[in-house]
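Hi,

Here is the structure I promised to pass on to you. Have a look at it first, and then read my notes below.

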Amino acid sequence: IALLYPFSWQHVFIPVLPKSLVDFCCAPSPFLIGILTSVLPQLLDQPIEEDVIILNLEEDRFEKRVGDEEYVLPSKVRAALKSALKSVEGKRGSSFHGSERSSEGSLIIVEAFVRFFVESIGHYHQFLPKNLDEEFNFANFAKAPHSKGLRQFLDNFKNTQTFNVFVDERRSDEERQTFYDSLFERRLREQIKESPNMLKTIGGKFKDFGAKLKKKMKVGGGADASDDEG
């Protein structure tokens with residue numbers, strides 16, 4: 001759930017569901033639920049909704065898929081994220097001690113997802129209405145990228161409660177000030193500084209995603225995710 005930042009999960013979240021409540025996974029509503037491996041056979045016998053995904057983290061495989069997992073994110077975005085996250089694997093073989101390695105790996109993962117959202121939805125601020133009685137233009141926001149794949153992703157994402165809450169939180173002057181110093185907004189300002197006209201470059205820098213991330217993370221010591229790039 002932390003990887004959703006700057007968004008927040010708006011639905012049910014249960015880290016470990018007791019075996020006696022496994023039928024809760026049949027609920028026709030969004031949820032993110034963890035179960036013990038020993039409960040998996042019982043779960044698979046339940047009348048689960050068709051759009052429920054079951055991922056076996058221990059075995060690194062899907063126990064149940066919907067079928068569109070490979071198409072939710074545009075191919076360039078998936079490739080960029082994979083490239084960035086592979087650098088975490090590289091750090092495992094470094095000379096760092098376990099705790100330092102874990103900390104640096106966490107920073108890389110956080111930066112990877114923050115930069116993914118900056119690249120894909122960072123132009124949201126250009127569609128924020130100046131007056132509270134005006135509506136956020138969700139349709140134009142989703143149509144802004146030149147990439148067809150990214151437009152399709154945003155066309156679906158704009159309808160989620162997660163994105164709607166994100167927009168609502170940033171509509172008032174008071175809330176905007178609250179979020180101004182957040183990691184996401186700092187990374188967004190860095191991006192705007194590099195590309196003032198974001199509407200022309202939305203999603204266009206995914207090919208440089210991994211390289212920029214490696215540059216951000218200092219070789220041999222990790223970087224402080226709270227620091228701005230110079």
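Let's start with a term you'll need a few times: a salt bridge is a side-chain nitrogen of Lys or Arg within 4 Å of a carboxyl oxygen of Asp or Glu. By that rule, the side chains of Glu 59 and Arg 61 form a salt bridge, at 3.8 Å from N to O. A search through the whole structure turns up 11 salt bridges, and I'll come back to some others below.

Before going on, a word on what you're looking at: this is a predicted model, where local features need pLDDT of at least 70 and side-chain atom pairs count only at pLDDT 80 or more, while totals for chains, interfaces and linings use all residues. Residues are numbered from 1 along each chain as its sequence is written, and side-chain values use heavy atoms, with hydrogens and water left out.

**The overall picture**

The protein chain has nine helices and four strands. Helices (H or I, at least four residues) and strands (E, at least two) are DSSP runs, numbered from the N terminus. In order from that end, the elements go β-β-α-β-β-α-α-α-α-α-α-α-α.

Of the 230 residues in the protein chain, 37% are buried. Buried means under 20% relative accessible area, exposed means over 50%, and partly exposed is in between (1.4 Å probe, protein chains only). The chain exposes about 13900 Å², and carbon and sulfur atoms supply 53% of that. Accessible areas come from the Shrake-Rupley method with a 1.4 Å probe; for residues, only the protein chains shown count as cover.

What about contacts, meaning heavy atoms within 4.5 Å? Among those between residues at least 6 apart in sequence, 55% join residues at least 24 apart.

**The hairpin**

Now find strand E3 (residues 54-56) and strand E4 (61-64). They pair in the antiparallel sense over three bridges; two strands count as paired if DSSP finds at least two bridges between them. Ile 54 stands opposite Lys 64 in E4.

E3 and E4 make a hairpin with four residues between them. Which residue in the turn has a positive phi? That's Asp 60, with a phi of about 55°, a positive value in a residue other than glycine. Asp 60 counts as exposed because its relative accessibility is 67%.

Val 66 lies in the loop between E4 and helix H2 (75-92), and it is partly exposed because its relative accessibility is 39%.

Tyr 71 is in the loop between E4 and H2 too. It is exposed, at 69%. Its C-alpha atom is 8.8 Å from that of Gly 149, although these two residues are 78 apart along the chain.

In helix H6 (residues 161-169), the buried residues are Thr 162, Phe 163, Phe 166 and Val 167. They sit on the same side of H6, because they cover an arc of only 130° around the axis. (The arc is that of the directions from the helix axis to the C-beta atoms.) As background, an α-helix has 3.6 residues a turn, so residues three or four places apart point the same way.

Helix H8 (residues 183-194) holds both Glu 190 and Arg 187, three residues apart, or about one turn of the helix. These two form a salt bridge, with the closest N and O atoms 2.9 Å apart, and both are buried. Shared partners join Glu 111, Arg 115, Arg 187 and Glu 190 into one salt-bridge network.

Another salt bridge links Asp 155 and Lys 158, at 3.6 Å between the closest N and O atoms. Asp 155 is partly exposed at 38%, whereas Lys 158 is buried at 13%.

**One last spot**

Go back to the segment before strand E1 (12-14), where you'll find Pro 6. The peptide bond from Tyr 5 to Pro 6 is cis, with omega near 15°.

Technical notes. Contact means heavy atoms within 4.5 Å.
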